[in-house]
Amino acid sequence: MKGQADNLGGGVFKKRLNKNMHRSIIVAKGGKNWIYVFLFAKKDMANIAEDDLRRLRDLAEQYEQKSNDDIDKELKIKELVEICNAKETV
C-alpha cells in the first residue's frame with residue numbers, strides 16, 4: 001500500500017518489511033486476498049531464483065482459481081492464518 005512492494009509478475013509480489021531488513025513473497029488472489037508464502041532476511045538472500053519464481057507464479061494461479069469458500073476452509077483447518085489490519089476486529 002505504501003509502495004513497498006515490487007510486482008514480480010503473475011500475481012507474485014516481493015514486499016519490503018521492517019525498515020527494509022526483511023522481504024516477504026506474496027501471492028495475490030484476484031486483488032482481494034494476499035497470501036504471504038515466504039519471509040527472509042535481506043542479508044541472507046538478495047532475490048529468489050527463477051525456478052522458484054515460476055513455482056510461485058503457479059501457486060498464485062492456483063489461489064486465483066480458489067473460491068472464497070475454499071479460502072474459508074483453509075482458514076478453518078489452519079492451513080492459512082489470517083492477519084488482520086490492526087484497526088479491524090475479527
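**Salt bridges, charges and strands**

Modeller: Glu 74 forms a salt bridge with Lys 66, and their closest N and O atoms are 2.4 Å apart. The model is a predicted one.

Biologist: Why is the contact of Glu 74 with Lys 66 called a salt bridge?

Modeller: The term requires a side-chain nitrogen of Lys or Arg within 4 Å of a carboxyl oxygen of Asp or Glu. The closest N and O atoms of Lys 66 and Glu 74 are 2.4 Å apart, and the pair is therefore a salt bridge.

Biologist: How do you know whether Glu 74 is buried or exposed?

Modeller: Buried means under 20% relative accessible area. Glu 74 has 8%, so Glu 74 counts as buried.

Biologist: How many salt bridges does a search of the whole structure find?

Modeller: Such a search finds five. Among them is the pair of Arg 54 and Asp 51, with closest N and O atoms 2.2 Å apart. Another joins Arg 55 to Asp 52, at 2.7 Å.

Biologist: What makes Arg 55 and Asp 52 lie about one helical turn apart?

Modeller: Arg 55 and Asp 52 are three residues apart in helix H1, and therefore about one helical turn separates them. Arg 54 and Asp 51 are also three residues apart in helix H1, which covers residues 50-65.

Biologist: Which class of accessibility does Arg 55 fall into, and why?

Modeller: Exposed means over 50% relative accessible area. Arg 55 has 51%, so Arg 55 is exposed. Asp 52, at 34%, counts as partly exposed. Arg 54 is partly exposed at 45%, and Asp 51 is partly exposed at 42%.

Biologist: Which residues form the negative surface patch?

Modeller: The patch consists of Asp 69, Asp 70, Asp 72 and Glu 82. Of these, Asp 70 is placed in helix H2, residues 68-76.

Biologist: Why are strands E1 and E2 called paired?

Modeller: Pairing needs at least two bridges between the strands. E1 (residues 5-9) and E2 (residues 12-17) share four bridges in the antiparallel sense, so the two strands pair.

Biologist: How many bridges join E2 to strand E3?

Modeller: Six bridges join E2 to E3 (residues 22-29), and these strands run antiparallel. Lys 14 stands opposite Ile 25 in E3.

Notes:
Residues numbered from 1 in each chain as written. Predicted model: local features only at pLDDT ≥ 70, side-chain atom pairs only at ≥ 80, totals over all residues. Heavy atoms only, no water. Buried < 20%, exposed > 50% of the residue type's maximum accessible area, 1.4 Å probe, protein only. Patch = residues over 30% accessible without salt bridge, like charges linked within 9 Å, V, L, I, M, F, W, Y side chains within 5 Å. Areas by Shrake-Rupley, 256 points an atom, 1.4 Å probe, with all protein chains shown as cover. Lys, Arg positive; Asp, Glu negative; His and termini not counted. Charge placed at Lys NZ, Arg CZ, Asp CG, Glu CD.
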